[in-house]
Amino acid sequence: MPTISLPRPREIQRLLTQTAAAIAQGQLTPAEIDRAMHGVEQVRTARSRFYDGLSEGSRNRRH
């Protein structure tokens, strides 16, 4: 199975900042904004699940 090369967090942050500027300047269509926000929501959900898993793991280790 091929390895997927993911962008580094700094690159992701740069892209998000550029996207925010494009939205503020009216350079994106509503559909493009919705698509970008869907990706942001996926990241937020993954982050929440990740941190929930970490806290669940730490609770399990205490018992």
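Predicted model: local features only at pLDDT ≥ 70, side-chain atom pairs only at ≥ 80, totals over all residues.
**Exercise 1. Find how many helices and strands the protein chain has, and what share of its residues count as buried.**

Solution. The helices are α1, covering residues 9-24, and α2, covering residues 30-62. Next, turn to burial, where the cut-off is a relative accessible area under 20%. Of the 63 residues in the chain, 3% count as buried. Finish with the surface: its accessible area comes to about 6,000 Å², and carbon and sulfur atoms account for 58% of that.

**Exercise 2. Work out which residues make up the aromatic pair, and why the pair is edge-to-face.**

Solution. First, search the whole structure: one aromatic pair turns up. The rings belong to Phe50 and Tyr51, and their centres are 5.4 Å apart. Ring centres must lie within 6.5 Å to pair, and planes over 60 degrees apart count as edge-to-face. The planes of Phe50 and Tyr51 stand at 65 degrees, so this pair is edge-to-face.

**Exercise 3. Find which residues form a nonpolar patch on the surface, then decide whether Leu54 is buried, partly exposed or exposed.**

Solution. Start with the members of the patch: they are Phe50, Tyr51 and Leu54. Together these residues have about 340 Å² of accessible area. Now look at Leu54, which sits in helix α2. Its relative accessible area is 43%. Buried means under 20% and exposed means over 50%, so Leu54, at 43%, is partly exposed.

**Exercise 4. Locate the salt bridges in the structure and say how far apart the partners are along their helices.**

Solution. The structure holds two salt bridges.

- Take Glu11 and Arg14: their closest N and O atoms are 2.5 Å apart. These residues are three apart in helix α1, so about one helical turn separates them. Glu11 has a relative accessible area of 31% and is partly exposed. Arg14, at 38%, is partly exposed too.
- Then take Glu41 and Arg44: their side chains meet with an N to O distance of 3.2 Å. Both lie in helix α2, three residues apart, or about one turn of the helix. Glu41 is partly exposed at 38% relative accessible area, and Arg44 is partly exposed at 43%.

**Exercise 5. Describe the largest pocket: how much space lies in it, which residues line it, and which element gives the most to the lining?**

Solution. Begin with the space: about 160 Å³ lies in the largest pocket. Next, list the lining, which is made of Ile12, Leu16, Gly39, Val40, Val43, Arg44 and Arg47. Sorting by element, α1 and α2 are the ones that give two or more residues. The largest share comes from α2, with five residues.

Conventions
Residues numbered from 1 in each chain as written. Heavy atoms only, no water. Phe/Tyr/Trp six-rings, centres within 6.5 Å; stacked < 30°, edge-to-face > 60°. Helix = DSSP H or I, 4+ residues; strand = E, 2+ residues; numbered from the N terminus. Buried < 20%, exposed > 50% of the residue type's maximum accessible area, 1.4 Å probe, protein only. Areas by Shrake-Rupley, 256 points an atom, 1.4 Å probe, with all protein chains shown as cover. Patch = residues over 30% accessible without salt bridge, like charges linked within 9 Å, V, L, I, M, F, W, Y side chains within 5 Å. Salt bridge = Lys/Arg side-chain N within 4 Å of Asp/Glu carboxyl O. 1 Å grid on protein atoms, 1.4 Å probe; cavity = no way out; pocket = protein on both sides within 12 Å on 5 of 7 lines; lining within 4 Å. Points joined across faces, edges and corners; volume = space filled by probe spheres on them.
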